[in-house]
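Me: I have just opened this entry and would appreciate a guided look at it. Could we take it one topic at a time?

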Amino acid sequence: MIEAHQLTKRYGEKTAVDQLDFVVKPGTVTGFLGPNGAGKSTTMRMIVGLDAPSSGSVSVNGRRYAQHSAPLQEVGALLEAKSIHPGRSAFDHLMAQAHTHGIPRRRVDEVIELTGLRSVAKKRAGAFSLGMGQRLGIAAALLGDPATIMLDEPVNGLDPEGVLWIRNLLTGLAADGRTVFVSSHLMSEMALVADHLIIVGRGRLLADTTVQDLVRKAGGDTVTVASDQSARLREVLAGPGVEITGEIGSEELHVTGLSARAIGLKAAEHGIPLFELSSRTVSLEQAFMDLTRDAVEYHATTTVEAPGRAA
Amino acid sequence: MSTITVTDSSAPAPVRTERPQYKVTGRRVLRSEWAKLWSLRSTWITLGLGLLFLIAFGVIAAAHYKSELNSGRPLRPDEVGATTLSLSLFGTNFAQLALGVLGVLVTAGEYSTGMIRSTLAAVPRRLPVLWSKAAVFGLVALAVATLGVFIAFPIAGGILSGTRAHLTLSDSGVVRGLLGAGLYLGLVGVIGTALGALLRSVAGGIAVLVATLMLVPGLISLLPTSWQDNISPYLPSNAGESMFALTHDSTALSPAAGLLVFLGWTALALAGAAYRLVRTDA
């Protein structure tokens with residue numbers, strides 16, 4: 001359980017994280033989404049106490065991270081930047097981390113095995129590929145067998161095999177009943193693994209929602225149906241979980257919660273003629289971009305200024 | 001203790017009820033820093049260099065002195081009062097660089113590589129990390145330096161036997177001087193770790209270390225003489241030298257006073273490092 005209250009981080013003039021309130025609930029995969037520069041990494045650094053909040057607070061399982069007697073047992077974190085000494089072997093790195101908590105060597109061997117690092121465990125970590133480095137970071141995060149795992153952009157720069165590995169890892173961790181908090185700027189990646197989404201832009205909370213809700217709010221999975229008996233059709237289709245909108249007197253209705261197939265069958269059952277029946281799905285990517293459009297730090301401007309403005 | 005398996009996602013298991021009781025303790029942080037120190041090749045190389053400097057330069061200085069004596073030419077003024085002790089400790093000037101630089105690397109190296117994020121994630125209270133690094137490296141530097149001077153001294157003594165500079169371990173002040181040199185170099189190591197943690201930059205830490213130990217004494221000589229006499233004995237390098245010098249002129253501090261002053265400088269550097277470590281983001 002991670003709880004942020006009015007969490008704020010300012011660097012001089014710039015506010016990187018702006019009064020964030022959120023809760024990462026236990027036993028879920030929570031995606032932390034936002035464009036680059038939205039404050040995701042800074043938030044994660046504040047969770048594990050690497051950065052101190054300018055104001056507000058964030059707690060892990062009820063306490064500040066630093067107040068736990070065995071922090072690695074509370075949260076295992078993979079931060080975006082490399083957090084190893086390149087001259088040290090993977091095994092020595094993990095062992096040094098383990099020593100601080102009295103974690104036995106057996107557990108170090110376990111996480112090496114689990115992350116598939118056995119063959120390179122005695123090699124200098126500086127010579128690791130990006131994917132191997134990521135595995136080492138995950139091995140370190142799992143070392144304390146924590147109930148909460150936090151990963152900052154874990155798939156960034158990985159090849160497809162690495163991406164798949166991370167994806168399986170996340171679902172495996174969640175199936176184990178662990179809380180997983182994972183950041184990304186890729187909605188499509190999140191949609192595959194996350195139950196819950198916390199979306200930020202320019203340090204502010206834009207949405208705290210589920211994948212389904214996000215799609216629904218963005219007008220996704222809507223079926224447009226047209227009939228001259230729209231009032232009757234409305235009655236026929238009404239039911240729990242079904243939402244019908246449409247202007248009074250208009251022939252067109254927008255239905256969410258029912259598939260086009262189900263609508264067609266019901267209409268036929270009641271002898272209602274349909275003039276149009278089409279479903280429209282808004283991609284998650286589109287929903288995300290609509291939400292963060294105003295919060296993207298650097299826009300690529302493709303529009304040309306309207307002519308006629310005298311210089 | 002059950003463990004997770006990444007590929008097997010069947011049968012979601014509840015989070016373990018019986019979990020091992022891990023806990024961060026000061027002793028364990030020490031153990032971790034000890035393991036970190038010895039798991040880097042640079043440690044072995046630099047400590048080896050420090051040891052080599054201490055022994056080789058001490059022996060070379062003794063041999064040089066003896067050949068000067070035998071040549072019949074008048075001795076240089078700084079060689080007139082030379083003893084086996086002062087000649088065998090000639091290498092401390094060089095060894096202090098090796099040990100001080102390694103001290104800087106122990107802390108600043110973690111910032112330049114990003115290792116500090118792992119370190120502070122494991123020990124988020126932070127200060128135990130600084131104390132452990134300083135203690136582990138200080139003791140290692142002390143051990144290496146003491147070993148070095150106790151090897152260099154008898155070899156130099158053998159070379160110088162029969163000359164007027166000859167001293168043995170049983171002569172008054174010799175053992176104190178050798179132990180003082182070991183202690184001085186151990187504390188230089190601690191100052192290195194403190195400067196590294198304070199400046200968070202390998203280059204910056206080394207620059208300040210070299211400036212403090214080697215350049216500042218030279219700059220002080222530009223001051224008026226009356227000021228020099230008041231300031232000079234308290235400089236880290238001169239206070240440290242008082243710890244292992246056999247004879248002390250009127251302006252120099254006594255060995256005990258030198259030790260106290262040098263400890264003061266060490267404490268100051270550590271206090272600065274502790275302040276920065278606790279107050280600023282990693």
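**Domains, sheets and the contact between chains**

Reply: The centres of domain 1 of chain A and domain 2 of chain A, taken over C-alpha atoms, are separated by 45 Å. Please note that this is a predicted model.

Me: Which residues belong to domain 1 and domain 2 of chain A?

Reply: Domain 1 covers residues 2-209, and domain 2 covers residues 221-280.

Me: What is the strand order in the open sheet of three strands in chain A?

Reply: The order is E2-E1-E4, and the pairing is antiparallel. Strand E2 (14-24) and strand E4 (55-60) of chain A are the edge strands, each pairing on one side only. On average, neighbouring strands of this sheet are turned by 20 degrees against each other, direction ignored.

Me: How many bridges join E1 to E2 in chain A?

Reply: Strand E1 (residues 2-11) of chain A is joined to E2(A) by seven bridges, and the two run antiparallel. As an example of facing residues, Thr15(A) in E2(A) stands opposite Arg10(A).

Me: And which strands does helix H1 of chain A lie across?

Reply: Helix H1 (residues 40-47) of chain A lies across E1, E2 and E4 of chain A. Its direction makes an angle of about 115 degrees with E1(A).

Me: Let us turn to strand E7 of chain A. Is it covered or open?

Reply: Strand E7 (residues 179-184) of chain A is mostly covered, with six of its six residues buried. On one side the buried residues are Thr179(A), Phe181(A) and Ser183(A), and on the other they are Val180(A), Val182(A) and Ser184(A).

Me: Which strand pairs with E7(A) over five bridges, and in what sense?

Reply: Strand E3 (residues 29-33) of chain A pairs with E7(A) over five bridges, in the parallel sense. In that pairing, Phe32(A) stands opposite Ser183(A) of E7(A). Strand E6 (residues 148-152) of chain A is also joined to E7(A) by five bridges, and these strands run parallel. There, Thr148(A) has Thr179(A) as its bridge partner.

Me: Changing topic: what does chain B consist of, helices or strands?

Reply: Chain B has 12 helices and zero strands. Its C-alpha atoms fill a box of roughly 90 × 40 × 30 Å along the principal axes. Of its 282 residues, 46% are buried.

Me: Where does UniProt place the "transmembrane region" annotation in chain B?

Reply: The unreviewed UniProt entry gives this annotation to residues 44-65, 85-108, 134-157, 177-199, 206-227 and 256-278 of chain B. In the model, the span 85-108 of chain B is 88% helix and 0% strand, and its end C-alpha atoms lie 34 Å apart. Residues 177-199 of chain B are 100% helix and 0% strand, with end C-alpha atoms 32 Å apart.

Me: Which residues of helix H6 of chain B are buried, and what covers them?

Reply: Eight of the eight residues of helix H6 (residues 115-122) of chain B are buried, among them Met115(B), Arg117(B) and Leu120(B). What covers the buried residues of H6(B) includes H2, strand E5 (75-78), H3 and helix H5 (130-142) of chain A. From chain B, the cover includes helix H5 (92-113) and helix H7 (127-160).

Key: Residues numbered from 1 in each chain as written. Chains lettered and ligands numbered in written order. Predicted model: local features only at pLDDT ≥ 70, side-chain atom pairs only at ≥ 80, totals over all residues. Pairing = 2+ DSSP bridges. Helix = DSSP H or I, 4+ residues; strand = E, 2+ residues; numbered from the N terminus. Axes fitted to C-alpha atoms, helices over the stretch in contact; angles between N-to-C directions. Contact = placed C-beta atoms within 7 Å. UniProt positions renumbered as here; feature names shortened; annotations may be inferred. Buried ≥ 20, exposed ≤ 12 C-beta atoms within 10 Å, placed from the backbone. Domains from an automatic or database assignment.
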